[in-house]
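Here are my notes on the model you asked me to look over. Please read them with the structure open.

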Amino acid sequence: MSKKAKKIIDTTVKIVWWVFLVLLIALIVCIVSAKIKGKVPKIFGYSVVVITTKSMEDTFPVGTYILIKETLPQDVQEGDIICFYSEDASIYGYPNTHRVVQVIENNGNYEYVTKGDANFVEDTVTAKGDKLIGKYVKKLDSLTWLSEAIKSEGMVFVFVGMFVATAGVIVVAMVLKQKNEDR
């Protein structure tokens with residue numbers, strides 16, 4: 001490989017690395033900022049939410065990660081699964097994910113009667129359109145699996161091993177590069 005080709009590849013790798021790093025930092029800032037404000041992080045109109053109660057089983061078992069798409073209040077229909085900031089006193093301000101059983105529109109203001117799929121009765125407090133986070137898009141099975149794997153004791157060793165192996169490869173690459181430059 002010529003020096004020019006090697007230099008182009010090295011420059012490209014560095015640029016890609018820095019772009020990735022800047023995007024990662026921006027993502028972290030977005031997530032931390034949303035969490036500080038008590039909100040669900042949103043990136044390009046999408047949010048990832050984890051199901052924390054049994055109210056939506058069998059549709060979503062506890063620990064399931066789902067993708068939510070930002071939605072206008074008027075675009076919600078009966079049967080949709082929505083995520084919203086609850087006004088129920090027991091979970092006030094927290095995200096809640098339930099199915100819409102009735103849409104109520106009053107002079108352009110929307111409210112939704114909701115119910116968890118595993119619950120026997122509808123929620124006593126309606127979800128408000130201005131508290132809507134969005135509509136359910138899909139389950140994120142890979143993220144759910146990864147989360148469960150991280151929680152298991154055996155996987156800690158796998159992740160530590162992967163980190164050590166990656167760090168080892170980086171160190172070896174740096175040493176080899178230095179040896180080549182010294183020649």
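1. Basis. This is a predicted model, in which local features need pLDDT of at least 70, side-chain atom pairs count only at pLDDT 80 or more, and totals for chains, interfaces and linings use all residues. Residues are numbered from 1 along each chain as its sequence is written, and side-chain values use heavy atoms, with hydrogens and water left out.

2. The sheet. Strands (E, at least two residues) and helices (H or I, at least four) are DSSP runs, numbered from the N terminus; two strands pair if DSSP finds at least two bridges between them.

3. S3 with S4. S3 (residues 81-85) runs antiparallel to S4, with 5 bridges between the two. Cysteine 83 stands opposite threonine 97 of S4, and phenylalanine 84 has asparagine 96 of S4 as its bridge partner.

4. S4 with S5. The antiparallel pairing of S4 and S5 (residues 109-115) has 7 bridges. Arginine 99 stands opposite lysine 115 of S5. The two strands form a hairpin with 2 residues between them, and asparagine 107 in the turn has a positive phi of about 55°.

5. The largest pocket. A pocket here is an open set of points on a 1 Å grid over the protein atoms alone, where a 1.4 Å probe fits, with protein on both sides within 12 Å along at least five of seven lines; lining residues have an atom within 4 Å of a point. Grid points are joined across faces, edges and corners, and a volume is the space filled by probe spheres set on the points. The largest pocket holds about 520 Å³. It has 22 lining residues, and the closest to its centre are Val49, Val50, Thr52, Pro95 and Asn96.

6. What lines it. S1 (46-50) and S4 (95-106) each supply at least two residues of the largest pocket's lining; S4 gives the largest share, 4 residues. The lining divides into 12 nonpolar, 8 polar and 2 charged residues, where Ala, Val, Leu, Ile, Met, Phe, Trp, Tyr, Cys and Pro count as nonpolar, Asp, Glu, Lys and Arg as charged, and the others, Gly among them, as polar.

7. The second largest pocket. Its space is about 250 Å³. Helices H1 (3-36) and H3 (153-182) each supply at least two lining residues, and H1 gives the largest share, 4 residues. Among the residues lining this pocket are Lys3, Lys6, Lys7, Asp10, Lys177 and Glu181. The lining divides into 1 nonpolar, 2 polar and 6 charged residues.
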